[in-house]
Amino acid sequence: MWQFFHKLGSPKWFYGIAARFMPWLLAGGILLLMSGVIWGLAFAPKDYLQGDSYRIIFIHVPAAFLAQSAYMMMAAAGLVTLVWRMKLADVFVRAVAPVGFMFTFLSLFTGAVWGKPTWGTWWVWDARLTSMLILLFLYGGVIALGKAISDEKSSARAVAVLVLVGVVNIPIIKYSVEWWNTLHQPATFKLTEKPSMPAEMWVPLLLSVLGLYLLFGWIACLRMQTEILFRERRTRWVRDMVMADRS
Amino acid sequence: MAFDSFGAFLSMAGHGPYVWACYITFFVVLVQLMVWSYRRRTAAMESCRRGFELQEGEKGPAASSGASASFSRVTVSQD
């Protein structure tokens with residue numbers, strides 16, 4: 001276990017292992033996401049209340065799941081940065097923050113467009129929507145803070161602290177639909193309960209959620225590799241790899 | 001299929017513009033993010049390669065075939 005933890009701290013080891021997994025993440029992600037989306041768009045039955053506008057769920061829910069999970073992963077990495085000073089954890093936070101930002105934007109955008117035919121408005125300042133908007137600002141703050149401090153160690157610590165402070169927003173997003181009266185519907189998937197929707201609806205949704213998670217894994221690995229290349233550009237292993245790639 | 005015709009699939013009983021606007025935006029952003037991330041890594045590789053080639057050029061072909069790292073003493077004037 002500790003040996004794995006030590007290995008995980010090595011940028012060189014991570015670079016190699018990521019390269020091995022990435023083709024599978026990309027292929028699996030595209031396959032699952034496309035099956036889920038095509039099934040949901042063309043073959044899933046119409047919702048008796050919302051009609052066809054509910055088909056936005058097949059991209060809205062995966063984007064919203066990823067927006068929150070990416071932040072939780074960043075918070076775990078932030079803790080590792082502060083406690084064990086593991087460089088790779090900081091690399092993860094830097095690499096994933098822009099991805100989380102884009103998924104939060106997508107979840108807000110698809111939610112707003114879905115809101116118009118369903119609620120009759122693009123936006124309301126209710127708890128779920130506002131806390132998601134705060135998540136978008138938190139991601140923006142993490143990206144800006146990371147770029148504002150030039151010293152690598154101070155920057156890593158400051159970013160980790162900001163990420164950990166912002167994690168308080170995640171339970172607020174999750175439980176906002178239960179704690180306050182909101183227009184937003186309750187959670188679609190719960191780990192402890194069977195989904196309330198029929199299988200023809202939740203199976204494609206599950207496929208697109210899994211597909212987007214795999215694609216997120218691919219993008220995260222790719223961006224971590226880029227960050228590693230930048231930080232380790234003067235090392236011998238990068239030199240050997242880059243020059244071997246040339247021939 | 002849940003629709004009678006391709007036209008019905010596109011219009012989605014009047015909800016088509018909302019549904020398609022979401023899907024188009026989602027995939028445009030996702031693909032852009034993937035392409036951007038891929039290009040960044042390629043650019044980083046290229047930048048590293050150029051740096052190493054420049055180093056090799058400065059050292060000369062004879063040096064590049066020998067040790068992969070060298071150290072030079074720098075004397076700083078005390079005046």
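Predicted model: local features only at pLDDT ≥ 70, side-chain atom pairs only at ≥ 80, totals over all residues.

Trainee: Among contacts in chain A between residues at least 6 apart in sequence, what percentage join residues at least 24 apart?
Mentor: That comes to 77%. Two residues are in contact if their C-beta atoms, placed from the backbone, lie within 7 Å. Residues are numbered from 1 along each chain as its sequence is written, while chains are lettered from A and ligands numbered from 1 in the order in which they are written.

Trainee: Good to know. How many helices and strands does chain A have?
Mentor: Chain A has nine helices and zero strands. Helices (H or I, at least four residues) and strands (E, at least two) are DSSP runs, numbered from the N terminus.

Trainee: And what about the radius of gyration of chain A?
Mentor: The radius of gyration of chain A is 20 Å, close to the 18 Å from the globule rule for 247 residues, so chain A is as compact as a globular protein of that length. The radius is taken over C-alpha atoms, and the rule is 2.2 Å times the number of residues to the power 0.38. Along its principal axes, the C-alpha trace of chain A spans about 60 × 40 × 30 Å.

Trainee: What share of chain A is buried?
Mentor: Buried residues are 38% of the 247 residues in chain A. A residue is buried if 20 or more other C-beta atoms lie within 10 Å of its own, exposed if 12 or fewer, and partly exposed in between, with C-beta atoms placed from the backbone.

Trainee: Switching to chain B, what pattern does it follow along the sequence?
Mentor: Chain B reads α-α-α, with three helices and zero strands. Of its 79 residues, 14% are buried.

Trainee: How many residues of each chain are in contact with the other?
Mentor: There are 35 residues of chain A in contact with 28 residues of chain B. On the chain A side, helix 2 (11-43), helix 4 (87-119), helix 8 (199-231) and helix 9 (236-246) each supply at least two residues. Helix 4 of chain A gives the largest share of that side, nine residues.

Trainee: What is that side made of, by class?
Mentor: The side of chain A that touches chain B has 20 nonpolar, five polar and ten charged residues. Here Ala, Val, Leu, Ile, Met, Phe, Trp, Tyr, Cys and Pro count as nonpolar, Asp, Glu, Lys and Arg as charged, and the others, Gly among them, as polar.

Trainee: Back to helix 2 of chain A: where is the kink?
Mentor: The kink, about 35 degrees, lies at Phe21(A), shortly before the proline Pro23(A). The bend at a residue is the angle between axes fitted to the seven residues ending there and the seven starting there. Helix 2 of chain A has 33 residues and reaches 44 Å from its first C-alpha to its last, close to the 48 Å expected at 1.5 Å a residue; that expected span is 1.5 Å times one less than the number of residues.

Trainee: What do the buried residues of that helix pack against?
Mentor: The buried residues of helix 2 of chain A pack against helix 3, helix 4 and helix 8 of chain A. Among them are Leu25(A), Gly29(A) and Leu32(A).

Trainee: Which residues touch the most other members of the largest nonpolar core?
Mentor: Ile56(A), Ala70(A), Val93(A), Val96(A) and Val99(A) do, in a core of 73 residues. Such a core is a set of buried Ala, Val, Leu, Ile, Met, Phe, Trp, Tyr and Cys residues joined through C-beta atoms within 7 Å. Elements that each supply at least two residues of this core include helix 5 (127-148) of chain A and helix 2 of chain B. Val96(A) touches Ala70(A), Met73(A), Met74(A) and Ala220(A), not counting residues up to four places away in sequence.

Trainee: Why does Met12(B) count as buried?
Mentor: Met12(B) is buried because 20 other C-beta atoms lie within 10 Å. Arg85(A) counts as partly exposed because it has 14 C-beta neighbours inside 10 Å.
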